[in-house]
Structure formats: structure tokens, C-alpha cells
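The sequence and structure come first, and the notes follow.

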Amino acid sequence: MSVPSNVHAVTPSPAMLAQFQKLPKAEQQRLMKQYGISPSMLNSGASVSSQPLNVPTVVEDRKTEDSAKMAANGKSGISKNSALIIKRFGYDMFEGQPSTYAPATDIPIPAEYLMGPGDVVNVQMYGKENESYSLTVSRKGTINLPNSGPMSVNGLTFETLQQKLSKTINEQYTGVNSSIELGELRSIRIILAGEAYKPGSYTVSSLSTITQALFVSGGVNDIASLRKIQLKRAGKTIVNFDLYDLLMRGDASSDVRLQSGDVIFIPPVAKTATVKGEVRRPAIYELIGDETASELIKLAAGLKANSFPKASVIERFSQKHLPTLINVDLTSNIGKKTKIRDGDVFTVQSTTNKIKNQILVAGSVSRPGFYQWRSGMRISDLISSQWSDLKGIVDLQYALITREVNLQADIETMQFSLANIFADESSPDNFYLQPRDTLIIFSQTDSIAEALVKEKRGKKRFSGKGNRESFNEINSDVFSVEEDKVEQLEDEEDLSRLYQDKKLIKRSSEFTRHVLLRPIINKLKSQDLINGVTNVASISGEVRFPGEYPISSNARVSDLVKAAGGVRESAYVKQAELTKFIVDDDVGASVLHQKISLDRALLNDRQSNVKIKSRDQLTILKIPSWQENMAVSIRGEVRFPGTYSVREGETLQNVVERAGGYTPQAFLEGAIFTRESVKEQELMQIVKFADQLRLDIAAKGLSGESGIAFSESSLMLKELENIEPAGRMVISLSNNHDSEHSGLLVENGDMLIIPSQKQTVTVVGEVQHASTHFFSQGSSFEQYIAKAGGIKQRADEDRAYIIRANGAVVIPEQQLWFSGENQIKPGDTIVVPLDTEYKDNLTLWSQVTGIIYNAAVAISAVKGL
């Protein structure tokens, strides 16, 4: 499609008007006709564009237009891999609005400036006479100095004009000096042809150069040459302009000034080559001759520090138009002189990330990371002080070295003791290190992540959050904290990066022993098993960190125990069981169980401290009848309240007797007994009913039957979710040893609260005023409800019940409310439930309200003491 030489009409801005009014009348009329400017537009002072007059508004934002072209071709202007796109070098300098590249009008006039029609010469005479003149060069190329006649100046340089005009003034005016300057400059017309972005005729300042003309016209199109731009004058090529000289070297010697009638011709690009990879400026470059590989690398600003020039590759189409590859060694003269052809893609590869002479230190150390290896280096050269080099409570008995044993990067492990090294640097544990060794130091305690889990679980456990989220958090704390702290290292792919990723190495002190070991164990299991040996053994039972561990060639039972953090207090050290898997070529595989004396093995007795082989399993037994510390709390009306250590099989009556028995003020009918396992059951029940209530509410909402009950049911759900389970068990106590629960076996964490005598009765639920009243002998069930203001409209009077002081629930029959068997007792709570039919027949409401009322009464009883 051809582009017209005339540009579209524009609305002039105030800046354009000010510049326009300084032009000669003839030039003003010509520009008004060219750009379609009417006199009314000039008089109105309208302003839309801020471009100078000599910058035609034919150039849109290149990025916007390019995006529109891509959209028209069915391509998005934004690529997901835009950072990887290789662009043509130099073309982006013409992106955006070109008005910022318009030549300024207040720059100094060079002495070699050629005068022409439209230029204004300002003459200031001073001395005997003081006069000022503004002389415009006419179309004939003359100026008229008063009292001197026409003077031809067309084609003169500004310097020559000054000399000629000064001489004339000195000859005609005696005692007068002069100052001669150029005022407004003329505009010139030039033509941009060829592969310009907007070819056509342009009016520019007479000081404009080739590059300024390119900027005001929007630059070049997608197939233009940047290195063979031609300036033609009167049919002859005046200058061949290589834009790369300006862009890469700042050489503007060929960027000459334009004259009226000049033609800037931009030919299409002939040859290009792409440079990518480890160079400083990957791009597509234009070729103008027989460039070599080294010259192409210079165009790309040279190689990066991490490049590997020996392994550079050229992708090229052969003479048969088939793709081929050519290896180029940029370190050799032959490789540097490789000729580059049109369409070549030159890729400079990166060097390896593996550093040969390095040592990695990870785990519970103050400064984890990579360190330089040197000949003769030992462990003590890297870790010399327990106080400055280690972090936290470090396991000084167990640390590990992993070492590459072949070109395939298979590894072996060596176990050592930091305690032995600190005691004596000449210890055999102070191994000499080899390049690419990895030292792993383990914590003697749980990792930071596990410690946070335990702390979080302790604070949250039954903290009053009975909803689904709280229950799920209690059961998934390990996973949530490990995700935050270890970045989901349970993923095997992430674990494989543990000793390569610098960020993970810096945080390695936060990881558990098993997280640190897992990549090593996986590597040992995945290696080429020529002899079927993985060099991994396992330990279970009464050790601090049971699990799988890598073993060295001379590992023994004591080494495996040290790897697991040592034995627990509950370990039966007289005996342990070692299971070996034996493979015989004739018989096949068999299992051998071996009893060993663990205490003697730990003292390094050779007969007991046997060697550990791959796939061995060591089981550390527990002391018979061993029990962990168990404690039961007794509060309230006993002689010696407090926390008592108990043994398995001990009864509640035994603990009460150890506490000195009950005081005379003890209210045994209101005894409160709580148990941790009951709390867990109650919490699970709350979560279950909360889920069911959500589904029931949702079903009612979808069916349109919820009505006004929806908001109240949501409040009830919220109340259910915030219930704090008390874990209360109903027990009956008496001073006699033959009471119903005197033989109750206690568990760890049990609590018995003996309140003082009660003289109150509480009424809750759907009554006008839930309240507590003094116990009145003989007062009936109905009378206490009346004291609470009577029942509400939505109360279910037929389902009212009594919660006894010991937590037992009594549901009286209507005809027995006033009988002696069901009379109200001190400490009782009367509950009037909600009528579930009032709430659109939500079947769960009766159960939910019962849970809420009963839990509230239990918590009130526990907290009220």
C-alpha cells in the first residue's frame, strides 16, 4: 500500500502556533496548505498535540501499532516467554512517541552553516549609531541592509556571512561596530524513501541530521537496513550511514546535516545473524560483509563471565536448505575466524554450575554454604569451635560426610563424631576432605519446625476452637508448619535440590534429621547397584530418631545407635534384636534374627558390637512394664490438693487417699472429673454435628424453605463452632470405698475437682431470663422455671431436662415432675430446650442445642472453681 507524501491534518498546539508565527508569510501559507490547517484553527488557539511544527503527527506509538499488527495476524502482543524473545538490534530505539527527538531551536549555530531563503539575520549596530535590524533571506538569496542595497548570501557559510556583512557595515558607517547573529532558521523539505516506517515528504529544521529525520518520521520498518542508510543529494549518494557506528561506538561523524531536497533512502536488510546464550547483548544483528564469529561476538558486546566459548554452536541452513549444526571453539584462532552466513543462529553455551574445588557445609552450623577446598584440609579446618561454628544444640556424636566416588557422581558416606574432634584434632574422626565433599551436622533436639508444631499444638489443643478448621489444624500442624519452614520438602523433587539450592542450604539448620538425610538415602538407593547393596540400614524402637540411616563400610551397632540420636531412657539395654537379610546364590534370600547385648555393644565390645550391613534392621526393645510419667490433678475440697504422679493400674480412690481424703465441706454429688481422651471425642462430635448442620442449612436454603430461621441457624452454627469441650465424665463419689466409681483406673492428664457445698439451682435455655437461684427445699421444677420468668414461645416444654451437679442428665416424665424421685437438688441445672419445629423442622437442632447447653454447663462448672 502506498503512503501519500502529504500528512493528515492536525490541530496545532500553542507551542506550534508560536513557532509557526515566526515563519515567513510564504512559508506559513505553504505549511497551512500541506497540513490542512485553517486560519480559524490558528485564531482559536486550540490545542491537542504538543509536537513542534516540524514534527508531523503521522507517527503512532510503535509498541501500540506493533501489538495491533500482531493481533490482526492472530498473535498476542504479549508472550509468556517475552524475556526469551530475541529482538532485532537497534530497532527498539524508534519505539514510542518520536516527538521527544525533535531538534531544538536554541542550539549554537555552527560556523559552516549554509545560508538559504527563509533564514533570519539579526544585526545589532552600536557605537556612534545604535540600530537593530532583522533581515530575512529572500527567495533570491539576498538580504537588504538599510542604505546598502541587496546583498547575496545564498550558499554562504554563516562565518563568511558574518565577515562580509561586518565589512560592509564598517565601510558605510564610521565609528559603528556590529554584532551579527542568526535568528529564526528556515525549514527545509526532505524525502524519506525505501523501508522507512512512514515514507514521504517532511518539513524539518535546517539544522536536522539524518538520525533526527529518522526520529521525526518514526524510524524504519521491520525489514529495513540500519547499516546502509544512504543520503542522496541531486541524484548522487553523499553519505552511507551505518547506524551501528552511532549505537555501539557513539560515532556520529556520518550523521551529517540535511539540505533542502535531500533524499534519505533506506534499503532492505540483506543479511542477518542471531546471537544468543551467554553473551551480554543477545539480539539479531545485521551483516554487511564477511563477518567472522569473533566480530559477531563483538557486536553482541562480548561474552559473559559464565560462558563456555569452547562449546559454541552455529545453527545453519546448508546449500540444500537443510538445517545443520557447526561446533565453534571461540578460544582458537580457527574458531574465531569462522565465517558467518545469512540466517545463522550463534549460541554461546554456559559453563557448568558444578565447582570442583568446593566443600559444602550444611545443617546446624552458624554459616552453612560452600567453601573452598585445599589440599590437606580436614574437618577441623571448617569446624573448629563448638561455640562459634555450630548453631543450637548440636549432636556432637553423629555427623556425616558424603563423598563422590566416581564420574557418575555416586556417593558413599562416612560417619564421624565432632566430640572426638574437639577433644583431639588427631582423632581418626578428623577426616581429610576431598573436593566436592558435603559435611552435614545434625541437631540433638527437634528441628525448629517440629518445635513450632509442638508449641502450636499445645496452645491450640482444646483452646475453645471446636470448629472443623481448628480440629483439622490440630491433626495437620506438622504438615502446615513444615510447608512454611521447609518449602514443601516432602516433595521428592524438592528434596533432591536440598544440597544444590543455596536458599535451602542457608535454611538447612531448620530441617529435621530425616529431611536432611532423605536426599542422601534416596541417592544411595538409586545408585547403580552392581552387588545389590544400598548401604542403608534401619533402626526402630526406643531411640530418639528411629528410621533409615546411611552406613559406612565399617559401621557397627553403636554407630547406628549414635545416628539415631542414642537410646531413650525406656530402652532395655541388656538385649536388642538385629535382623539381617542374607542372600545366598544357592539357597536364595533368608532372614536371620540375632540377639545382642546392647549395653556391651555401646561400650564397643567387639563380640556384641557387630558390623552393620546394608538392609540390616536393629530393634531397640523397651524395658518391661515401663511407663512414661503419668500425672493426675486433684483440686478443691481435699486435704492436700495438687498434682500426683501415678502408675499404671492405679485407681481414683488411691489418688484421693494420697491427697488426704475429702474435707467436711466436700460436695461429692457435684464432683467434676475430666479426661483428655473424652475431650478429643467431644471435639470430634462437635465437628461432626457442625458439618451436618452446615449441610442441613444449605439444603434448606437451596429449597427456599429457610425463611427467617436462616440467620438464627447461622448464629447457632457459629456458637457450636466456638464450643470449648470440657472432657467431663459423670462419676458418683462417696466417702465409702465401695462407691460406684471408687475403682476407676486413672489416665495421664485426668483431673478431679471436688467443689464445696452448693446451695443454688440454675435455669438456662428458652426462658425469659436465664438465672441462678438459691436452693429452696421442696420447690418444684415448675417453680424454678417461673422464677426465671417462664418459658419463651419457642421453648419445647415437654423436652425440658435436669443436669445434676455431677453431670448426669435426668429427663423427667411429665407426671413425675413433682415426685420425690425427681425432685430438684442443690447444684442442679434446669435446661429448657428449643422447639425444633419452630425452626422449620431442622432435625439436628435438638441435638445441637443439647450439645451447646450441656457443654456450657460443664465449662461453667469447671471454671467456677
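Y398 and F442 are both buried. The model is predicted, and it holds 4 aromatic pairs. The notes below take up two of these pairs, then the charges placed over rings, the cores and a sheet.

**Aromatic pairs**

- The rings of F89 and Y285 have centres 5.3 Å apart and planes at 35 degrees, so this pair is tilted.
- F89 lies in the loop between helix 4 (62-72) and strand 1 (120-127), while Y285 belongs to strand 12 (residues 283-287); the pair thus links distant parts of the chain, 196 residues apart.
- F89 has 13% relative accessibility and therefore counts as buried, and Y285, at 0%, also counts as buried.
- For Y398 and F442 the ring centres are 5.1 Å apart and the planes stand at 15 degrees, so the pair is stacked.
- Y398 is in strand 18 (residues 394-404) and F442 in strand 20 (residues 438-443), so their pairing ties together parts that are 44 residues apart in sequence.
- One aromatic cluster is formed by F89, Y244 and Y285.

**Charges over rings**

- R88 lies over the face of Y91, at 4.8 Å from the ring centre.
- R615 has its charged end over the ring of F581, 4.9 Å from the centre of that ring.

**Nonpolar cores**

- In soluble globular proteins, nonpolar side chains tend to be buried together.
- The largest nonpolar core has 44 residues, and those touching the most other members are I190, I264, Y285, L296 and F346.
- Helix 6 (residues 210-217) supplies the largest share of this core, 5 residues.
- Leaving aside residues up to four places away in sequence, I264 touches I190, I191, L192, A193, I210, A213, I229, Q230, L231 and L258.
- Another core, of 41 residues, lies apart from the largest one; V515, A555, A563 and L578 are among its members.

- An open sheet of 5 strands runs in the order 7-6-10-8-9, with mixed pairing.
- The edges are strand 7 (200-205) and strand 9 (236-241); each has a single partner strand, so one side of each is left without a neighbour in the sheet.
- From one strand to the next, the twist averages 30 degrees.
- Strand 8 (residues 229-233) pairs with strand 10 (residues 263-266) in the antiparallel sense, over 3 bridges.
- L231 stands opposite I264 of strand 10.
- Helix 6 packs on the sheet and touches strand 6 (187-194), strand 7, strand 8, strand 9 and strand 10.
- The direction of helix 6 makes about 75 degrees with that of strand 6.

Technical notes. Residues numbered from 1 in each chain as written. Predicted model: local features only at pLDDT ≥ 70, side-chain atom pairs only at ≥ 80, totals over all residues. Heavy atoms only, no water. Core = buried A, V, L, I, M, F, W, Y, C linked by side-chain atoms within 4.5 Å. Buried < 20%, exposed > 50% of the residue type's maximum accessible area, 1.4 Å probe, protein only. Helix = DSSP H or I, 4+ residues; strand = E, 2+ residues; numbered from the N terminus. Contact = heavy atoms within 4.5 Å. Phe/Tyr/Trp six-rings, centres within 6.5 Å; stacked < 30°, edge-to-face > 60°. Lys NZ or Arg CZ within 6 Å of the ring centre and 35° of its normal. Pairing = 2+ DSSP bridges. Axes fitted to C-alpha atoms, helices over the stretch in contact; angles between N-to-C directions.
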